[in-house]
Amino acid sequence: MRSFFSFLAIAFFSLVIGAQAQNVIQLEPVISGLSSPILATSARDGSNRLFIVEQSGKIRVMASPTATTATTFIDLTAKISCCGERGLLGLAFHPQYATNRKFYVNYTRIFDGTTVVAEYQASAGDANLADTTERVLLTVDQPYTNHNGGMIAFGQDGFLYIGMGDGGSGNDPENRAQNIESLLGKMLRIDVNSTSAGLPYAIPADNPLVGVAGRDEIYATGLRNPWRFSFDRQTGDLYAGDVGQDVNEEIDIIRRGGNYGWRVLEGTRCTNLGPGACNNSTFIPPIYEYQHVGANCSGSVTGGYVYRGTRSTFPAGAYVFGDFCKGTITQLNNNNGTRQAQLLMDTAFPVSSFGEDEAGELYALNYGGTLYRLVSAAPRALANVSAASYEPRLMPDAIATAFGTGLATGTQTATTLPLPTALLETRVYVRDGNGLETQAQLFYVSPTQINFLMPPSNLTSSDNIVTIISGAGLVSRQTMVATGPLAPGLFSYNATGRGIAAALALRVKADNSQTYESIARFDQASNQWVPVPIDLGPETDRVFLVAFGTGFRFALIPPFSRIITFGETAGEITFLGAHPSLIGVDQVNALLPRSLIGRGLLDVVLRTGVYTANTVQIQVK
């Protein structure tokens, strides 16, 4: 392994060439130094201000989305039980906030962890400061410390929606999510503009359980922990990310009266927990789900927003969500009813929430204290090429190199087998012409270069989409051409794919003894590689050029031709195929004709099928 990576380090030098590219999503820091931020939102009052909720109890206000500082809008710390999954968890501004100054919060109460939904008002004299007078609308007892939900938002109907987790512990031990007499594990909907039956709020007349058994506040049932939900500004659809238990994370569109299955189902997975059968046709499946494995926060979906901004940062109608544990940010596209997920970035931080400003542009929140704006920018990688020939022509199982800037947070080389699919949290994904996306194995990453192995599944000759995701959340997505069956390239000791061959001479003597000899050395005076002349020796010696490259191993399969020339002289190929131990490296052995004696510097050209490898050079004594 060690010698292999040393060899690759010699062969891979930086190169910048043009490439067909498309814009990518990147994180633009807006403000740091926040205390466990869990939401960013606007009042939609025409002020373009951005409000940030800190779990410990403060709401901050920024004068505009481009501001670099925030002041305290209200401090509820003294009321809050924090932290873990408790704290100040939600904020929603009244649809008529511009005139009535009312806003609503969801928090867990300090002395017993009870969920409180309360109304406040901004100060009449200072729009950036709130009054501390509280009107409690709703309280919900919490039997455990986790699964509090916490998101609140107004729908297009003017009613306040409240996301409630199942009450906590694990696997909903008291089956609260399916119990219509409990507010836990539900989406609730109330009217904050009226009161009824002694309540500080009214019940919308079309709530599904009005007039029948069950709590009238319930809008939908069967949720585990809808940590973050949002409304599509255009359609009014309610998208919720429901955090899973052991296996599945899910995205749901919440409908009035819908039952989303928990704890009978986790997404579409039957839990065998009951209380009913898993094949209940009334359960509404998620629009998208993904699996996670392992313990200690291996997956926790963070619901996001449907993009309706004006800057074309995302396609209109795309849903952007994340994962707190994985640190991923994903775009969910709707292609004629089929939902397709596209990983945008794998950040180095827990994605606690997303935000939406007044213009509909989206933000991501690092639970560690930073608010980022999601922006569309030119890709950072400038080239994806064959690691041997430096041509944008690749094939399955071939070694590729990406050059650019910001590709990784540092430098790291793979040291284990099988090769990792992540180094310093940098990952490479290759999508072929059939839409199959595969995560590539990595040899090496640095801020300016990544060496990766083209997946064996990418067999089509059409363009491949290469996505590079770094731990800093910086992404490159580019189109590159794969030739399909062959893309021959030979390693050389320089940065253009031409020059001195990165090869060895194999001498076989009359007694069949074998020795390997160097054909190049690094000259300190000239700061470059220079050839070491190959001595063909006596007629009893047979000397072979052993050249290494990538992209030609399948030339052994008929009807591909295999030709190698030294200058204008044909050589005899005695071996061509995959190197027996070096991953992704191909090898060709060719007998050097004795007629080359005294010819000096010679071009070596390998042709496989209709493709010609890059020209490298040797020197014959």
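I will talk about the disulfides of this structure and then about one of its sheets. Please keep in mind that this is a predicted model.

The structure holds 3 disulfides, and if we count the bonded cysteines along the chain, they follow the pattern 1-2, 3-4, 5-6. Let me begin with Cys-82 and Cys-83, whose sulfur atoms are 1.7 Å apart and whose link is right-handed, with 80° about the S-S bond. Both partners are partly exposed, Cys-82 with a relative accessible area of 33% and Cys-83 with 39%.

The link of Cys-270 and Cys-278 is also right-handed, with 65° about the S-S bond, and here the sulfur atoms lie 2.0 Å apart. Cys-270 is partly exposed at 30%, and Cys-278 counts as partly exposed at 24% relative accessibility.

That leaves Cys-297 and Cys-325, with their sulfur atoms 1.5 Å apart and a left-handed link of -80° about the S-S bond. This pair joins distant parts of the chain, 28 residues apart, since Cys-297 sits in the loop between strands S19 and S20, while Cys-325 sits in the loop between strands S21 and S22.

Now to the sheet, which is open and built from 4 strands in the order S10-S11-S12-S13, with antiparallel pairing. Strands S10 (152-154) and S13 (218-220) stand at the edges and have a single partner strand each, so one side of each is left without a neighbour in the sheet. On average, neighbouring strands of this sheet are turned by 30° against each other, direction ignored. Which residue of S13 is the bridge partner of Met-187? That partner is Ala-220, and strands S12 and S13 pair over 2 bridges.

Definitions and conventions: Residues are numbered from 1 along each chain as its sequence is written. This is a predicted model: local features need pLDDT of at least 70, side-chain atom pairs count only at pLDDT 80 or more; totals for chains, interfaces and linings use all residues. Side-chain values use heavy atoms; hydrogens and water are left out. Two strands pair if DSSP finds at least two bridges between them. Axes are lines fitted to C-alpha atoms, for helices over the stretch in contact, and angles run from 0 to 180 degrees between N-to-C directions. A disulfide is a pair of cysteine sulfur atoms within 2.5 Å. Buried means under 20% relative accessible area, exposed over 50%, partly exposed in between (1.4 Å probe, protein chains only).
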